[in-house]
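I want to look up a few things here and jot down what turns up.

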Amino acid sequence: MKNGLVWFCRIAVGLLFIFSGLIKANDPLGFSYKLEEYFEVFHTTWLNGFALSLSILLCALEMILGFALLVGARAVKVVWGLLLLIIFFGFLTFYSAYFKVVQTCGCFGDAIPLTPWQSFIKDMVLLLLVLVLFVNRKSIKPLTNAKTGDKLLIGATIVSIGFGLYTYNFLPVVDFLPYKVGANILQEMKTPLGAVPDEFEVTYILKNKKTKESKTMSDKEYIKSGIWKDTNWEVQGNPESRLVKKGFEPKIRDLNIQDAQGNNYNEELLSSPFYSLVIVAWNLEDTNPDAVNRINALAINLTQNYNTRTIFLTSNAPDNAQKFAKDHKLVSELFYADGVPLKTMVRSNPGIILLKNGTVINKWHFHNMPKYEYIVKNYLSK
């Protein structure tokens with residue numbers, strides 16, 4: 001029975017750590033943004049420059065420890081590592097939940113978004129399982145001899161780190177973001193008729209002018225009781241509003257494409273029945289200049305030969321963007337949007353999106369940007 005419990009915990013913890021690390025390693029850039037949120041909360045923004053490297057290494061560590069536990073390689077050290085890691089994660093999720101600072105922990109990336117309290121409960125369940133393993137750490141038997149186990153660990157390390165580097169350089173293997181291939185951006189921004197809105201509860205603090213008695217009441221109690229008719233009771237301060245039940249929320253709610261004068265172009269750009277090439281460079285200071293030049297050459301060919309509308313989207317100020325466009329002789333129309341949705345559109349700076357009728361037909365990292373002939377053959381000539 002004891003051996004069965006250890007095996008259950010071993011398999012459950014091992015698979016969950018591998019899954020958690022794999023999901024985040026699928027989008028290491030997205031996880032690095034989440035790390036930067038934590039750095040800001042704990043006033044360690046000097047670590048922002050290491051966020052991407054830490055993202056890839058943390059994801060790899062989760063996968064390596066999970067795999068090592070399953071095969072039983074260096075079991076005692078691995079269980080110690082798992083225990084320290086889950087205590088650390090538990091602290092972060094509790095801090096996020098209790099102080100309401102980071103509202104999505106990023107435990108399973110964008111694939112399975114969890115609230116901080118859900119994440120904390122998940123970590124506590126994992127902690128119990130890891131404690132069972134920790135108590136019985138010397139009874140965890142390896143599936144192979146020590147030499148083979150070490151070779152498997154080396155292989156797992158190479159694969160884990162390699163996967164994170166690959167997805168960073170060539171986009172996520174599976175895109176869980178709202179701008180994934182096949183998504184219609186305009187539709188993802190709409191709230192359907194009859195959708196249930198957020199439900200809020202308003203709390204009033206009342207004080208009786210005569211007796212000095214105080215009461216705290218919800219908005220429903222306030223109306224139902226009829227206390228508002230009694231002039232002896234008066235509301236103290238501002239009523240507090242609390243979210244009781246989350247209603248429908250569109251997947252895309254923060255995209256506002258504008259020109260330099262602040263005019264909104266969402267409808268015009270996202271409802272065109274023709275192919276459009278959207279170049280996303282959310283931060284021009286950090287964008288790859290050689291990639292911009294190569295994408296600009298592609299845009300020139302598409303504009304001249306197929307009259308394709310090419311759009312350059314950035315979050316930089318118009319003055320900086322226009323100077324950048326002049327320096328790089330950009331032929332694309334310049335538009336502006338907030339950096340958050342631009343980072344979500346494509347995990348590349350710059351990145352390319354092919355749109356038609358507001359639907360994402362395809363998108364590419366600048367490391368594997370398509371050739372002009374490829375776009376013509378696979379899209380424009382059909």
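Predicted model: local features only at pLDDT ≥ 70, side-chain atom pairs only at ≥ 80, totals over all residues.

**Pocket, core and a few residues**

I began with the lining of the largest pocket, where helix 2 gives the most, with seven residues. For me, helices (H or I, at least four residues) and strands (E, at least two) are DSSP runs, numbered from the N terminus. Residues are numbered from 1 along each chain as its sequence is written, and side-chain values use heavy atoms, with hydrogens and water left out.

Next I looked up the volume: the largest pocket holds about 1,800 Å³ of space. It has 50 lining residues, and the closest to its centre are Lys34, Thr104, Asp110, Pro113 and Arg253. On a 1 Å grid over the protein atoms alone, a pocket is an open set of points where a 1.4 Å probe fits, with protein on both sides within 12 Å along at least five of seven lines; lining residues have an atom within 4 Å of a point. Grid points are joined across faces, edges and corners, and the volume is the space filled by probe spheres set on them.

Which elements each supply at least two residues of that lining? I found helix 1 (2-25), helix 2 (28-41), helix 5 (116-135), strand 4 (240-245) and helix 12 (339-345).

Then I went for the largest nonpolar core, which has 27 residues; Val13, Phe17, Leu69, Leu82, Leu133 and Ile140 touch the most other members. Such a core is a set of buried Ala, Val, Leu, Ile, Met, Phe, Trp, Tyr and Cys residues joined through side-chain atoms within 4.5 Å. Buried means under 20% relative accessible area, exposed over 50%, partly exposed in between (1.4 Å probe, protein chains only). Helix 4 gives the most to this core, with eight residues. I checked valine 13 too: not counting residues up to four places away in sequence, it touches Leu69, Leu82, Leu126, Leu129, Val130 and Leu133. Contact here means heavy atoms within 4.5 Å.

Is arginine 294 buried or partly exposed? I put it down as partly exposed, because its relative accessibility is 35%. Arginine 294 is in helix 10 (residues 289-306). Leaving aside neighbours within four places in sequence, arginine 294 is in contact with Phe366 and Met369.
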